[in-house]
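Please read these notes with the model open beside you.

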Amino acid sequence: MKQRVPISLTVNGEIHELFIPPWQLLLDTLRDELGLTGAKRCCIEGQCGACTVLIDGKPINSCLYLTIEAQNQEIVTAEGLVEDGKPHPIQKAFVERGAVQCGFCTPGLVVATKALLDQNPNPTEDEIRIALSGHLCRCGAYVQITEAVMAAARETAQKEVGV
Amino acid sequence: MFPARFNYYRAESLPEVLDLLARHGSEGKILAGGQSVIPLMKLRLASPAVLIDINRVRELQAIAGDERGGLRIGALTRHHHMEIKKWPRSLALLMDAARDIGDPQVRNLGTVGGALAEVDPAGDWGPVMLSLGARVRAVSPKGERTLPIDELFVDAFTTCLAEDELLREVEIPPLSDGTGTAYLKMERKAGDFAIASAAVRVNRSPDGRCQDVGIGLGGVGLVPLRARGAEDLLRGSNLEEELIREAEESVRKECEPLADIRGSVEFKRQVVGVLFRRALKIALRRAQGEEVEAGHV
Ligand SMILES: Cc1cc2nc3c(=O)[nH]c(=O)nc-3n(C[C@H](O)[C@H](O)[C@H](O)COP(=O)(O)OP(=O)(O)OC[C@H]3O[C@@H](n4cnc5c(N)ncnc54)[C@H](O)[C@@H]3O)c2cc1C
């Protein structure tokens, strides 16, 4: 059995040439090989959403996805939303609205919000709740999280019309 | 928690899948969305020596109409695609089922073929496809066959497919005019598997008679079940309220629930009867052109 295989992985726009075991989960590669610790190791069975990253713009649980499956796909983690060292409007809204308490679920929620707003820039409260239903927040900040997503949507919309 | 070692092969086309199945079928497993097989491998409940990744096989991803007015759903169609597709009104139950499978992350990867091949007793596509009288097209290096979906489910987590056989697509037969469908699932919390679920397809003639009916049940047996007794009661009837109650009782008798963390045997029997009756009512209203919400309870 091949212990390691070559793979080219595109994470947050950067290409990494790696040698990884085929059985290595994407979550472990991101955290242990690339030092990207935004995606969290939490329930590790696809229940909690803390390990969520985007693959080609769609949220998936990186604990239920092999690294090798991601060959030639675009991976985005919470770290990838930061531009020029500045937090993304979604990240800012989460901080400002108190949607971050212990913070463990936040990186997953932030990328899922990015995916939602890219698809639907002006979601209703119901649409937000459905889009984020795969994330558990054990601090119970769901109300603030929903408010943060609405605020981020308004912010992004204003930017687009140049206000 | 990570899977035991395996050799990984990525197929790019159907012939490549068949070639890999011919060479590794007995020691290998197919990797579709991975939302069942990766968890099992991490728990070491499965440790295949070879994993055959079919995710890049385009031939398996299409949803297409066929010559007779039926539909063919490629095995690799993601739950998410089933959720966002604009279905004809007569197939509204596909949307009912798709949008409550797991959560968005699971739906973005999980596939219709993978879910059917997994035969989770509480899975959602099983009862839906049973109610529609769907057929399954399977291919192997030795040839191809089409079988009624009822024959696919042999036991919990077990299909009748051979080791080197691939579930290629699901065929939904054409539905006659005046058909309505609905799927109702009771779940403990968002994202969970069903406590129990019921899928109904019903066709009423202009004079009010029930011409045909299909009833699929989930979460109340080792495999998804078809309530043939209740179907026989309703077929040809005028769907009188009393008869519907009788069919509901028949549904309760026909199912074989097991007690688990989602509920006791008595509770699941009670629930599945109610879900069936409500799904039938919704399907009948939809058959008349009404827009009615269904989904989880
Ligand atoms: C947190 C969570 C919640 C979930 N909730 C639900 C739910 O509410 N309802 C529900 O129905 N499901 C639920 N699921 C399961 C989900 O629907 C899975 O996607 C599905 O059961 C398996 O599909 P897959 O494509 O991921 O298959 P995989 O996991 O890749 O494969 C499953 C099995 O089928 C075999 N297989 C896959 N494709 C084929 C094929 N084309 N031909 C032959 N064999 C094949 C594989 O070898 C494997 O044995 C949930 C899963 C998770 C992780």
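1. Burial in chain B. Of its 297 residues, 58% count as buried. Buried means under 20% relative accessible area, exposed over 50%, and partly exposed in between, with a 1.4 Å probe and protein chains only.

2. Ground rules. This is a predicted model: local features need pLDDT of at least 70, side-chain atom pairs count only at pLDDT 80 or more, and totals for chains, interfaces and linings use all residues. Residues are numbered from 1 along each chain as its sequence is written, chains are lettered from A and ligands numbered from 1 in the order in which they are written, and side-chain values use heavy atoms, with hydrogens and water left out.

3. Fold and dimensions of chain B. The secondary structure comes to 11 helices and 15 strands. These are DSSP runs numbered from the N terminus: helices are H or I with at least four residues, strands E with at least two. The radius of gyration of chain B is 19 Å, close to the 19 Å of the globule rule for 297 residues, so the chain is as compact as a globular protein of that length. That radius is taken over C-alpha atoms, and the rule is 2.2 Å times the number of residues to the power 0.38. The C-alpha trace spans about 60 × 45 × 30 Å along its principal axes.

4. Contacts in chain B. Take the contacts with a separation of 6 or more: 64% of them join residues 24 or more positions apart. Contact means heavy atoms within 4.5 Å.

5. B:Leu31. This residue lies in strand 2 (residues 28-31) of chain B. Its relative accessibility is 0%, so B:Leu31 counts as buried. Leaving out residues up to four places away in sequence, B:Leu31 touches residues of chain B including B:Val37, B:Ile38 and B:Leu51. B:Leu31 also touches A:Leu66 and A:Glu69. B:Gly123 is 92 residues from B:Leu31 in sequence and 18 Å away in space, C-alpha to C-alpha.

6. Cysteines. How many disulfides does the structure hold over all chains? The count is 0, with a disulfide taken as a pair of cysteine sulfur atoms within 2.5 Å. A:Cys48 is in none; its nearest cysteine sulfur, that of A:Cys42, is 3.7 Å away. A:Cys51 is in none either, and the sulfur of A:Cys63 is its nearest, 3.8 Å away. A:Cys48 is buried at 9% relative accessible area, and A:Cys51 is buried at 3%.

7. A:Gln158. This residue is found in helix 5 (residues 142-161) of chain A. A:Gln158 is partly exposed, with a relative accessible area of 41%.
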